[in-house]
Amino acid sequence: MRRALRWFSWFLLALLLILVALLMLLRLQPQLALGAVNALQDGVALDSPDLALELWPLRVTAGTLEAVTATQQLDLVGLDARLDPAKWWRQRTFWQVELDSLRVAQTGAVTESAGGPAAMVDLRPYLTFDALRIGTLTVEGDSPLALSLTATQQEAKIDLALSVTLPEHALTVDGVIEPTADALKAVLRYDLQPRTDAQLTASGEISGALRVTEAASLAIEGGDGTVMIDGATHRLVLDEGTLVFGPSAAIDEITVTALRGRYETPDWSAPLPFDISARLQDLNGDPGYRLQTSLAEARLETEGRWQSEAATASGTLRLAAQAPHPDIPLTPFAAADLFPLSMNATYTAGASGLSLSEWSFDSPRNRWQGDLALASAPALKIQGTIAAQSLYLPLVGDSETGEPVSDAPPEDIAADSMETAAGQEETAPRVFSDEAIDWAWLETADVALTLTAQTLALQDATFEDLRVALNSTSAGLELAPLSAVFGGGGFDGSVKLERAAQVPVTDESEAAEAQAPAAPGASIALDFELDGVALEAFGVVPKEELTGGELEVDVQLATRGASTAALAAGLGGTITVIAEDAQLMNDMIELAGSDLVMETLSKLNPFVRKDPTTKLVCALAHFDVEQGVLATKNELVLETSKMEIVGNGNVDLGTEKIALTLSPNAKSGVGVNVGSLVKFLKLGGTLAAPRPAADAAGLLKSGAAIGAAVSTGGISILAEGLAKRALNAGSACVRFRNRRDEPAAPAPDPAPDNATG
């Protein structure tokens, strides 16, 4: 009887221990027990030949343990978990856990399961380990990693050491967790170093306290982290902040309150302060969110909802900024152009693209309302309508070279500086690339964008009534209309971009060319006309440097090709630019001397250095374009009241070579002998490296001949045929228009019909 009572007492004690263990599991994680039951129902295969369970004191050991489900396999090696109830009852360290290795591998497709509430419990009573050691943890799947963790409690503090090996980085974390009467205080240090040639490193420290009552709260007491990206140092400092997870029994809301700090980088003269408050709700469904962020003098607010099935966020956005951080670059804008600014929009954002509706933007020089949708997958999509009261886009010019303009007269140009080495031309960089462009997106592009603006300012040039429409067509894209009122005149144009089969340009016969294999490409047609626009309206030159004058532009071009080089080589059409009746200050031409063309013209015109102003009678540039060759026959002209500089030659976009001869012609009656100052010049080189070139045809005539021509009233000039148009009536622009507007010669009459009836 005594023996039976003793066994019955052991049975009651074992049952009590099992109940206590179940209660602990339920308190730690209410879903854990339910998950275990569900796992058994789904079928879990357990295999552990040396699993041992001791009930007093509670101890579980297993040399190896394997658990296999339909989707995962779990392997444990060297498990030894012990519980000392005597220490537990006295609230002293009671856990001892050792695990040599743990491997988790995904073996099948993960099944979707309904989300349940997360739970947060007070962990302080359970973080009283006598010893905890996990040798290695390996997770096999899309992101394999290796992990080791040790935790040792000494004098009511737990020392943690964690190391994680990632594919490209190694992460180490160490620190101390201190259970107190009402919180768990922690100080953790981290260090992330690259294992390959990755350019990201990070290190820092964060401290805080976790409290669990009706809701769990994490109070951040400080943090300091440094990140190195591509050699640039970024530092993030946390001063304070609170994160609340609640309710603790079923976390369904996270609140961030006053997370304050600053961002620093050595390149900035001052830090960028930030203040973040946020709220996430309904975490177990499609969560809603609200975010308020302050960065320096900018404030961003957004609220909306995340749709998990569609992987998109939708909501409203409000941005207000009074001034920028002094070290954030705004180029090409000035701070006064953009600030203060405000923006409001309703948005939908996801992996497939972004859409904005009820979109408004307001700043000192930009103000618009409209809708816009952008997407790149599965096809390019640009749709929207934007109506602007004002738009401002500053233009960025080339950086100054800092090289002084030579004051040497034109005849002092050294011959060796004008020579073009053939080897240099061959090795010079090219402007156009032979690399084929992927035009496949044209087949599926969905574009319908309309932009209107009451005013558009490009630097100091102001356009009114701007109208732009970009739409998909059955074959590609069409930009039409492209129009605006500008400078007393206006412009109107269109661009068509369509899919096309590109036939390689060859020197072979048409039959062979027709048989050449076709490559996918595109065809482009440009039709643009600008008429009656005052030169002053462009604002490129200050009004005190340029007065009067009108500009006329007529461009009709078409091409096709698979690369930019092929498009350039196949270009055909006409280009005409005419400017008339302007007064230029000569110091303006001197200031423009860094530009090759203006420098060349200033060298050819001796009056630039003698007269304060230049009367521009006509500036003409007319090119006939065929198979990528821009050719002009004495229709590249700069005519002033005293000089006429005539250009002749071509620019080959296929070879990218320039061959233009500039012939300066002094008008008769100028009263100045300029023969010793004026020469002929040839502009050569390539598009990437143009330069004055030696005149191989021997056209560099002596200045004395031109001087004699002036003294004889131009008779000798006419005799040599060097400046035939200089003495013609009317300006070069007038002569060009007369030729252009001449009626076409009538077609010859058809041959008489000699047939008799």
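Mentor: The accessible surface of the chain comes to about 42500 Å², and carbon and sulfur atoms hold 58% of it. Accessible areas come from the Shrake-Rupley method with a 1.4 Å probe, and for residues only the protein chains shown count as cover. This is a predicted model, where local features need pLDDT of at least 70 and side-chain atom pairs count only at pLDDT 80 or more, while totals for chains, interfaces and linings use all residues. Residues are numbered from 1 along each chain as its sequence is written, and side-chain values use heavy atoms, with hydrogens and water left out.

Trainee: How many helices and strands are in the chain?

Mentor: The chain has 14 helices and 35 strands. Both are DSSP runs numbered from the N terminus: helices are H or I with at least four residues, strands are E with at least two.

Trainee: What makes the link of Cys618 and Cys733 a disulfide?

Mentor: The term asks for a pair of cysteine sulfur atoms within 2.5 Å. From Cys618 to Cys733, S to S, the value is 1.8 Å, and the pair is a disulfide. The structure holds one disulfide. Cys618 lies in strand S30 (residues 613–626) and Cys733 in helix H14 (residues 732–741), so the bond ties together parts 115 residues apart in sequence. The link of Cys618 and Cys733 is right-handed, with 85° about the S-S bond.

Trainee: Are Cys618 and Cys733 buried or exposed?

Mentor: Both Cys618 and Cys733 are buried. Buried means under 20% relative accessible area, exposed over 50%, and partly exposed in between, with a 1.4 Å probe and protein chains only. Of the 757 residues in the chain, 32% are buried.

Trainee: Which residues of H14 are buried, and where do they sit around the axis?

Mentor: The buried residues of H14 are Ala732, Cys733, Arg735 and Phe736. They cover an arc of only 160° around the axis, which puts them on the same side of H14. The arc is that of the directions from the helix axis to the C-beta atoms. An α-helix has 3.6 residues a turn, so residues three or four places apart point the same way.

Trainee: Why is Asp75 called buried?

Mentor: Its relative accessibility is 16%, which is under the 20% cut-off, so Asp75 counts as buried. Asp75 lies in strand S4 (residues 72–83).

Trainee: What does the side chain of Asp75 make a polar contact with?

Mentor: One partner is the side chain of Gln73, at 3.1 Å, and another is the side chain of Arg103, at 2.7 Å. A polar contact is a pair of N or O atoms within 3.5 Å; within protein, one must be able to donate a hydrogen and the other to accept it, and residues adjacent in sequence count only if both atoms are side-chain atoms.

Trainee: How do you know that Asp80 is buried, and which side chains does it join?

Mentor: Asp80 has a relative accessible area of 14%, which is under 20%, so it is buried. Asp80 is also found in strand S4. Its side chain makes polar contacts with the side chains of Arg59 at 2.9 Å and Arg82 at 2.8 Å.

Trainee: Which residues does Thr559 contact, beyond its neighbours within four places in sequence?

Mentor: Thr559 is in contact with Ala522, Ser523, Ile524, Ala566, Leu567, Gly570 and Leu571. Contact means heavy atoms within 4.5 Å. A polar atom of the Thr559 side chain lies 3.5 Å from the backbone nitrogen of Leu571. Thr559 is found in strand S28 (residues 546–561).

Trainee: What makes a set of residues a nonpolar core?

Mentor: The members are buried Ala, Val, Leu, Ile, Met, Phe, Trp, Tyr and Cys residues joined through side-chain atoms within 4.5 Å. The largest nonpolar core has 52 residues, and Trp359, Trp368, Phe463, Leu466, Phe491, Leu530 and Leu630 touch the most other members. S28 gives the largest share of this core, five residues. Another core, of 19 residues, lies apart from it and includes Ala151, Leu184, Ala216 and Ile254.

Trainee: Which peptide bonds are cis?

Mentor: Among them are the bond from Phe339 to Pro340, with omega near 0°, and the bond from Ala377 to Pro378, also with omega near 0°.
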